[in-house]
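These are my notebook entries on a structure I looked up. They go from the chain to its helices, then to the ligand.

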Amino acid sequence: MSHAELWYAARATGTTLLLVLTLTVVLGIVARSGRRAGGLPGFAVAAVHRNTSLLAVALLVVHVVTVVLDPFSHLGALDTVLPFGAGYRPFWVGLGTCAADVLLALVVTSLLRRRIGARIWRGVHWAAYAVWPLAFAHSLGSGTDAGTGWLRAVAGGCAVTVVLAVCWRCSDSFHRRRPSGSLAAGLHLPDRPPRPPAARPHQPRRPGGAEAHTVGRWTR
Ligand code: HEM
């Protein structure tokens with residue numbers, strides 16, 4: 001690949017990644033609500049959310065490889081995991097590295113969810129709300145196209161979409177009419193810890209080991 005092709009690939013994957021991350025955040029919020037979206041039932045929305053997050057990781061890999069191979073960026077392999085040490089716009093590129101680190105943690109914990117349990121998974125998954133602003137700031141601070149109208153329009157559209165989705169997530173209407181088992185069907189998570197089994201009334205044992213049978217107030 002020529003330098004120009006690497007440069008185009010880095011910019012194209014970066015912008016597509018911001019769009020896919022935005023879609024992932026919105027789908028994650030809709031999946032959490034258990035509602036239908038675009039004619040899809042709740043469990044299908046959750047499946048699309050999982051797949052867009054994997055697509056984001058694939059795009060991230062291509063984005064990172066192309067910026068590292070692009071000689072103009074002066075980035076080493078270490079800059080892709082350790083933030084704020086890059087030779088090119090260290091602060092803004094560092095924000096992208098932070099977003100990438102958190103995104104990878106989210107994907108790894110999601111793949112290991114059955115092993116680590118829903119509580120830890122959910123705790124880590126709150127960090128998803130940090131990925132998007134980090135990626136957004138990185139996109140506007142490090143890219144060649146940051147000053148162009150079209151990238152500002154794309155970034156602005158993404159920002160409005162995410163802000164609206166988060167406002168809905170925090171509103172009362174999000175929690176209203178939540179179908180039972182929505183998460184079980186979609187994200188496969190219990191809404192609240194299962195109740196302990198009801199305590200059985202004490203039944204005295206008869207000598208000889210047989211259970212006492214209670215009929216009304218009488219024990220036989
Ligand atoms: C979720 C994570 C990330 C997202 C959403 C993202 C998104 C973007 C976007 C939208 C651009 C602007 C493209 C343009 O100007 O047309 C960009 C540029 C750039 N990104 Fe990322 N990025 C991420 C992670 C990273 C990481 C981990 C690195 C490397 C450590 C990185 C390095 C760069 C560089 C060097 C540029 C400037 C490319 C250029 O204009 O020549 N990004 N990124």
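I took helices (H or I, at least four residues) and strands (E, at least two) as DSSP runs, numbered from the N terminus. On that basis I read the order of elements from the N terminus as α-α-α-α-α-α-α-α-α-β-β, with 9 helices and 2 strands in the chain.

I note that the model is predicted: local features need pLDDT of at least 70, and side-chain atom pairs count only at pLDDT 80 or more, while totals for chains, interfaces and linings use all residues. Residues are numbered from 1 along each chain as its sequence is written.

Entry on burial and contacts. I called a residue buried if 20 or more other C-beta atoms lie within 10 Å of its own, exposed if 12 or fewer, and partly exposed in between, with C-beta atoms placed from the backbone. Buried residues make up 28% of the 220 residues in the chain. I counted two residues as in contact if their C-beta atoms, placed from the backbone, lie within 7 Å. Of the contacts with a separation of 6 or more, 60% join residues 24 or more positions apart.

Entry on helix α2. I checked its length against an expected span of 1.5 Å times one less than the number of residues. The 28 residues of α2 should span 40 Å, and the end C-alpha atoms are 41 Å apart, which agrees. Its buried residues include Val-45, His-49, Ala-56, Leu-60 and His-63.

Entry on Val-57. This residue is found in α2. Is Val-57 buried or partly exposed? I found Val-57 partly exposed, because 16 other C-beta atoms lie within 10 Å. Not counting residues up to four places away in sequence, Val-57 touches Leu-103 and Val-107. The C-alpha atoms of Val-57 and Leu-103 are separated by 7.7 Å, although the two are 46 residues apart along the chain.

Entry on helix α3. The 22 residues of α3 (residues 90–111) should span 32 Å, and the end C-alpha atoms are 31 Å apart, which agrees. Among its buried residues are Gly-96, Ala-100, Leu-103 and Leu-106. The cover over the buried residues of α3 includes α2 (42–69), α5 (118–125) and α6 (128–142).

Entry on the ligand. The shell holds 32 residues, the closest being Arg-11, Gly-14, Gly-96, Ser-139 and Gly-143. Helices α1 (3–33), α2, α3 and α6 each supply at least two residues of this shell, and α1 gives the most, with 8 residues.

Notes: Near = placed C-beta within 6 Å.
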